[in-house]
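Let's work through a few exercises together, with the model open beside you. Try each task yourself before you read its solution.

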Amino acid sequence: MRFEGNLDQESATPPKKSLFRYNSPLVQVSLIGLVCFCCPGMYGALVGMGGGGQVDPTAVNNANTALYATFAIFGILGGGIYNVLGPRLTLASGCSTYALYAGSFLYYNHYHHQTFAIIAGAILGIGAGFLWAGQGAIMTSYPPPGQKGTYISLFWSIFSMGGVIGGLIPFVLNYNRTEAGSVNDATYIGFMCFMTVGTLLSLAILPPSKVIRNDGTSCTKVEYSSVSTEAIEILKLFLNWKMLLIVPAAWAGNFFYSYQFTNVNGALFNLRTRGLNSVFYWVAQILGSIGIGYVLDFSLPSRKMRGYIGIAIVALLGTAIWGGGLATQLKYSRHNLPKKLDFKDAGSDYAGPFVLYLSYGLLDAMFQTLVYWFIGCLADDSETLSRYAGFYKGVQSAGAAVSWQIDTRKVPFLSELIVNWSLMTAGYPLLLVLVKLAVKDDEEGEDGADKEVASSFAH
C-alpha cells in the first residue's frame, strides 16, 4: 500500500463554496444513493412483492439462498477488492449483475425453470458484495465525522425511494389483475431498465482521494492498495473485537426479509396490494432513517450518549413492532392461510396488517442506520471502512442465506418470527458494549482518521 506524498491536482483543488460541487461528500453520497436507488432499491421492490412476483415462492427462495451464499463470501472480500480496483470498476461490475437477476424471472414467467434464476442469484451475490462494500465505504468515510448519521440517512432515503418507485411499478402495471398470481412481463422489464441506468450512474463516482470535505480535509491519503495487503487486512477482521461485537446485529440485519416479504406481504395480500404495501414499506424506511439519523447526530452533545439513546429507541420500538407481529401471526399459519386481502375491498381488515408491514420497514431502516453509524464511528478513512462495511455485509448475507433456505424448508411462520425477534434483540447488548469501549466522544480520535488538509487549500 502506498501513501501519496501530495494529492493529485484534482484532489488538491480547494473546495468551492457551493454545497453541490461535484467532488463534495454531499454530491458523491447522493450519487451512490441514486446508484442504489436503481439497483438494490429495485431488487428490494422485486423481492418485496413476495415470491419475486410469482405464485410459488420456491424459485425466489432458492435464488436468494444462492445470492446470499455468494454475497456472504464476496461481501467480506468486497472491501479489499474496492481498495484495489477503486470505486468505478468495483461498483459498475457489481451493478451490472442486477439486471440479469430481474431478467431471470422474466424468463421464469414463460418457462418455469428455476435453474437460470438460481445461477443469476449466485452471480448477483458476487456483484452485490462489490456494490455494498463500496457503498459502505463511501457512505461512512466521505462525510465529515460529526454528520455521519445525516449522510447515512440521506443515502438511505434516496436508496429507499427506489423501493417506492419499484413498488409502484407492479402496483400500476397489475392494478386491474386482482386475481393475478404472477406479475406481467412489463414489470420485470421496468426493473431491468432502472438497473441498467444504475450501472451507468456508478461510473460517475469519484475515488476517495479526489473527494474534499468543506473543511479542506481529504477522505484518504491512500492512492492504491495491493492484493496481499488486503488479504492480510481482511483476515485480521475475524480477530477484530469491534467487528465481533457487531456480528449478532449483522446476522440479524437481513434475516427477517424472507419472513416479512414472503410470509407477511406475500401471504396476506393479493398482487396489486403487495405492490402498494411495498411503496409504503419503503416510505417508512425513509422516515425511520431520517429520524434515527437526527438522533445519532444532533440529539445530545456527547456522541457516546447519542449511541446509547439510539440503541434504546430502536430496541424499544423493535420490541413493540415484533410484539404486534406476534399478535398478527397468531391468527394464521403456513397451513391455515387467510383469504388474500385487497386494499379496496378488505376495509378495516386491511388496516392492521398494513400498518404492521410498514412498521417492519421503519424498524429495518432504523436498525441498519444505527449499525452503519457505529461502523462509521470506528474509523474515518475509506480503506478501513470499506473492509468494515464489507465484513458487515458478508455476515449479514450469510444470515440471509440461512433465512431464505429456512423458509424453503417450510418452517412454521411463528417459529420464523420468534427467531427473527430473538436475533435482533441479541444484538443490542453487544452494541452497548461497543459504544462503551470503542465509540469516542472526541471525533478527532477515530481510528485511521485522516485530518490532513489538501496542500493548496491550507495555504
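The model is predicted: local features need pLDDT of at least 70, side-chain atom pairs count only at pLDDT 80 or more, and totals for chains, interfaces and linings use all residues. Residues are numbered from 1 along each chain as its sequence is written, and side-chain values use heavy atoms, with hydrogens and water left out.

**Exercise 1. Describe the overall make-up of the protein.**

Step 1: Begin with secondary structure, which comes to 17 helices and two strands. Helices (H or I, at least four residues) and strands (E, at least two) are DSSP runs, numbered from the N terminus.

Step 2: Turn to burial. Of the 459 residues, 61% are buried. Buried means under 20% relative accessible area, exposed over 50%, and partly exposed in between (1.4 Å probe, protein chains only).

Step 3: Accessible areas come from the Shrake-Rupley method with a 1.4 Å probe; for residues, only the protein chains shown count as cover.

Step 4: Finish with contacts (heavy atoms within 4.5 Å). Among those between residues at least 6 apart in sequence, 87% join residues at least 24 apart.

**Exercise 2. Find out how many residues of helix H3 are buried.**

Step 1: Locate H3 at residues 40-48.

Step 2: Check each position: nine of its nine residues are buried. Among them are Pro-40, Met-42, Tyr-43, Leu-46 and Val-47.

**Exercise 3. Work out which residues make the nonpolar surface patch, and which helices contribute.**

Step 1: Apply the rule. Like charges are joined within 9 Å, nonpolar side chains (Val, Leu, Ile, Met, Phe, Trp, Tyr) within 5 Å.

Step 2: Collect the members: Leu-100, Tyr-107, Tyr-111, Phe-116, Ile-119 and Ile-123 make a patch of about 510 Å².

Step 3: Assign the helices. H5 (87-111) and H6 (115-141) each give two or more residues. Ile-119 is found in H6 and, at 47% relative accessibility, counts as partly exposed.

**Exercise 4. Classify two aromatic pairs by their geometry.**

Step 1: Recall the cut-offs. Rings of Phe, Tyr and Trp (its six-membered ring) pair if their centres lie within 6.5 Å; planes under 30 degrees apart count as stacked, over 60 as edge-to-face and the rest as tilted. The structure holds 32 such pairs.

Step 2: Take Phe-159 and Trp-282, whose ring centres are 5.8 Å apart with planes at 75°, so the pair is edge-to-face. Phe-159 lies in helix H7 (residues 148-173) and Trp-282 in helix H12 (residues 271-298), 123 residues apart. Both are buried.

Step 3: Now take Tyr-294 and Phe-298: with centres 5.5 Å apart and planes at 50°, the pair is tilted. Being four residues apart in H12, these two are separated by about one helical turn. Tyr-294 is exposed at 52%, while Phe-298 is partly exposed at 46%.

Key:
Patches are made of residues with over 30% relative accessible area and no salt bridge: like charges are joined within 9 Å, nonpolar side chains (Val, Leu, Ile, Met, Phe, Trp, Tyr) within 5 Å. A salt bridge is a side-chain nitrogen of Lys or Arg within 4 Å of a carboxyl oxygen of Asp or Glu.
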